[in-house]
Amino acid sequence: METKNLKSRVLKNRVMKSLFFSATVIALLFLVMLFYRVFSQGWGYLNLNFITSFPAPYPEEAGIWPGIVGSLMLMGIVAVVAVFIGISTAIYLEEYSPQNKLSEFIRVNIQNLAGVPSIVFGLLGLTFFVYLFGIGYRLLAGGLTMALLILPIVVVSSQEALRSVPAEVKEASYGMGASKWQTIVRVILPAAVPGILTGIILSLSRGIGETAPLIIVGAATAIYTLPESLLSKYTVMPIQIYKWTARPQEEWQFVAAAGIIVLLVILLLMNAIAVWIRNKYQTRY
Amino acid sequence: MKGVYVMSRISATSSQTVNVRSLLDEKRSKKLKVRKLENIIPYLLLLCALVSILTTAGILFTLLRETVGFFSEVSIIEFYTGTNWSPWSGDFGVLPLISGTLLITVIATVVAVPLGLMSAIFLSEYASESVRKTIKPILEILAGIPTVVYGFFALTFVTPILQSIIPELSIFNALSGGVVVGIMIVPMVASLSEDAMNAVPNSLREGAYALGGTRLEVAIKVVVPAALSGIIAAVVLAISRAIGETMIVTIAAGATPSLTMNPTDSVQTMTAFIVQAATGDTTFGSIIYYSLYAVGITLFVLTMIMNLLSQYISRKFREEY
Amino acid sequence: MIEMEKQSVNPVKEETASSNIFEVQDLNLWYGDDQALYEINMDIPKYQVTAIIGPSGCGKSTFIKTLNRMVEMVPSVKTTGAINYGDQNIYEEKYRVEDLRMKVGMVFQKPNPFPKSVYENVAYGPKIHGIKDKKTLDQIVERSLRGAAIWDEVKDRLNENAFGLSGGQQQRVCIARALAVEPDVILMDEPTSALDPISTSKVEELIQELKKEYSIVIVTHNMQQAARISDRTGFFLNGELVEYANTNQLFQTPTDKRTEDYITGRFG
Ligand SMILES: Nc1ncnc2c1ncn2[C@@H]1O[C@H](COP(=O)(O)OP(=O)(O)OP(=O)(O)O)[C@@H](O)[C@H]1O
Ligand SMILES: [Mg+2]
């Protein structure tokens with residue numbers, strides 16, 4: 001280090017610093033361009049009619065209403081299934097599981113599941129839910145597939161939330177003669193709920209943008225009635241967007257962009273709620 | 001003795017008195033029953049925890065079962081050595097799909113690694129705490145955008161721009177898809193690498209600064225080498241993500257399986273084929289249906305190897321301090 | 001020398017068994033392979049304040065936590081010997097820790113209220129042990145808070161989160177929480193070490209008041225505190241109970257050289 005000329009070393013440091021800075025800016029610039037592109041193209045097509053209409057053969061008449069309803073219903077199923085199983089798993093791993101081989105295996109397994117491509121979950125859902133269980137290309141099959149897909153994220157974020165409850169607080173409860181379950185239900189879970197909720201909303205927002213596995217388990221591309229039960233045909237926002245994007249005529253791109261705006265706004269809302277919950281209800285110890 | 005004392009004390013403040021002790025003793029027998037029930041709770045919870053294991057088992061079972069079905073009709077050697085993939089006319093050589101996936105992954109890596117690493121160095125070594133705290137969440141927005149949106153961006157924005165630079169570029173091409181997949185994984189590379197660099201003890205940095213090193217020299221000669229295994233683990237994990245990415249390549253890279261390493265060509269990845277075949281009228285039990293799974297298991301194994309490799313490297317990394 | 005030590009360890013022997021709340025017999029304890037307590041024999045009298053002193057790491061916390069079996073929160077813990085409470089050995093297989101801890105309350109070093117309202121904190125014990133009636137709970141909460149000398153300070157903030165109170169107030173809410181199930185014994189592990197001097201003296205006054213109704217065992221780092229508030233004092237060193245006597249006697253005429261060195265500040 002000492003041998004080189006100090007001036008040139010300092011200069012080099014400056015040059016590289018601006019290079020590193022520009023790399024960061026480039027990444028951010030892509031985000032800006034993406035938003036600009038989507039909003040500039042979609043804004044003109046975004047109106048109440050677009051939000052409340054069904055798909056149509058003409059771009060001006062097409063709407064995303066069944067996608068919105070389908071996505072929300074799908075998330076309803078996912079929330080019920082993944083939240084119940086995910087929180088139970090997290091409680092088991094954090095509070096009950098002894099440090100044994102089985103729980104270690106479950107932990108490693110969950111970590112690996114989180115890295116499985118989402119489309120593979122689609123194949124799982126296709127074999128099991130669509131064919132073996134005989135559900136067919138229906139809402140329930142999509143919901144169960146999606147629930148398994150986001151389960152690892154729900155488990156990991158719930159584990160983190162449970163872990164953030166300090167040992168002293170648990171000790172206080174055990175010291176009063178509370179049983180393990182009482183301590184979990186009355187002290188640990190209430191204290192962890194904001195964190196768990198935040199994690200769940202973020203997991204759901206991951207699920208609401210997923211497209212590929214739902215294509216595999218047969219979400220319809222265009223439907224003209226709203227799903228009425230768990231066994232209805234359905235579509236979701238990302239699939240409608242995908243289909244519009246894939247059409248060659250330019251007008252459909254604008255429709256797709258309008259759909260993306262709706263999707264992004266919903267995602268933004270979900271994230272805002274998550275952040276709000278975290279800031280408002282999270283106990284700081 | 002105590003009871004009397006307590007009662008005399010209470011009568012001063014309230015008309016009624018409660019003897020907590022005797023009340024609690026009353027409740028005791030009821031509690032014992034409840035406690036018996038509580039003993040089965042861990043088993044119920046374990047049952048839920050086993051769902052994740054069942055999921056893995058289910059994935060393996062599905063992929064293996066249908067793949068075995070596939071290989072009873074198409075030879076495994078033909079599948080892994082054949083250079084022609086046109087399943088609707090009976091040609092099942094998977095190499096074009098693998099090369100398509102590989103091409104996309106290479107392009108994505110070329111984009112994501114420099115951008116991600118440089119951002120990580122900037123955030124970890126140069127940026128002030130407040131700058132880092134603003135930029136990191138914004139980068140994470142990039143990671144939270146649905147892939148179908150990236151696909152739209154690739155097809156309608158990146159491709160036209162690239163076409164104006166490279167006129168012979170076809171509408172669907174590996175370059176555009178690969179670049180956008182790269183952008184998608186930048187936050188992952190940046191954020192995980194930055195974590196690794198942050199974990200480098202400050203004492204190492206201070207030692208180098210004491211010798212008169214500039215920030216750049218400290219970053220390149222001390223921090224990056226010390227964090228190298230963490231960085232490599234991040235890159236490997238990001239590559240695994242790129243291999244499994246579906247919507248961007250389905251929308252932007254096309255549906256032409258071809259054994260090419262030319263980024264301006266249209267290609268089809270493994271994931272894009274699975275989408276294509278599942279969207280068409282694929283009947284249960286047909287050869288196309290089975291081929292989905294043969295391709296699926298290839299994809300699964302590839303990403304799994306990457307994930308395990310990444311875990312292995314980062315575990316070694318943690319041992320270093 | 002050895003004889004003297006033996007005598008000093010059990011000076012209450014002549015008293016009848018019923019005047020003791022705990023009788024600790026040959027207690028040994030290990031964390032995994034590391035022994036933390038050696039052959040402890042100690043009778044803890046009813047309606048008195050018993051102080052445990054000794055240098056850091058000597059096993060004070062470990063010992064006090066054996067009295068309500070909170071040591072078992074550490075999975076690797078093994079014990080031998082007996083602790084008799086009433087007529088029963090609490091380390092017997094069939095003894096239920098939940099019942100024990102209902103009668104042997106604990107206050108911890110760092111105030112550790114639940115992240116709930118003051119009311120819910122105090123009502124916690126009665127609720128988990130089955131009392132649901134709102135009127136009864138109201139009475140218990142008020143009585144316990146009065147008992148912990150904090151009622152006047154929090155009576156208008158019963159529904160506020162206990163985290164909003166000062167450290168000293170939090171600690172007294174924790175004491176009220178322990179009182180709510182009317183235990184026989186209150187164990188306190190350095191209850192004032194995280195508090196300022198004013199809060200400390202409030203808690204000390206409270207302890208004097210409480211011993212009329214409860215037996216109290218208190219761990220303290222502070223020898224002046226032990227001298228001020230306790231009736232009997234036990235000195236621990238390296239996991240052994242070196243000397244155990246009336247507080248005045250222990251501080252004025254210690255029989256063991258190590259006790260003398262410790263209380264005169266020559267080590268620890
Ligand atoms: N959970 C544990 N696992 C293993 N060893 C422990 C554990 N808790 C305490 N020990 C050991 O037991 C011995 C006694 O610890 P203990 O906490 O009882 O000391 P103490 O007298 O309360 O000290 P202090 O005054 O610092 O609170 C120490 O050597 C300590 O290292
Ligand atoms: Mg201690």
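How many residue pairs are in polar contact across the interface of domain 1 of chain B and domain 2 of chain B? I looked this up and found 2 residue pairs, both at pLDDT 80 or more; a polar contact is a pair of N or O atoms within 3.5 Å, where within protein one must be able to donate a hydrogen and the other to accept it, and residues adjacent in sequence count only if both atoms are side-chain atoms.

I note that this is a predicted model, in which local features need pLDDT of at least 70, side-chain atom pairs count only at pLDDT 80 or more, and totals for chains, interfaces and linings use all residues. Residues are numbered from 1 along each chain as its sequence is written, chains are lettered from A and ligands numbered from 1 in the order in which they are written, and side-chain values use heavy atoms, with hydrogens and water left out.

I then checked the bounds: domain 1 of chain B covers 20-71 and domain 2 covers 81-316, as given by an automatic or database domain assignment. Their C-alpha centres lie 38 Å apart.

I next examined the interface. I found 9 residues of domain 1 of chain B in contact (heavy atoms within 4.5 Å) with 11 residues of domain 2 of chain B. The two domains of chain B bury about 900 Å² between them, 84% of it on carbon and sulfur atoms; buried area is the accessible area (1.4 Å probe) that two parts lose on being put together, summed over both. In domain 1, B:L63, B:E66 and B:F70 lose the most area to domain 2, together 64% of what that side buries.

Lastly, I recorded that the C-alpha trace of chain B spans about 100 × 70 × 35 Å along its principal axes.
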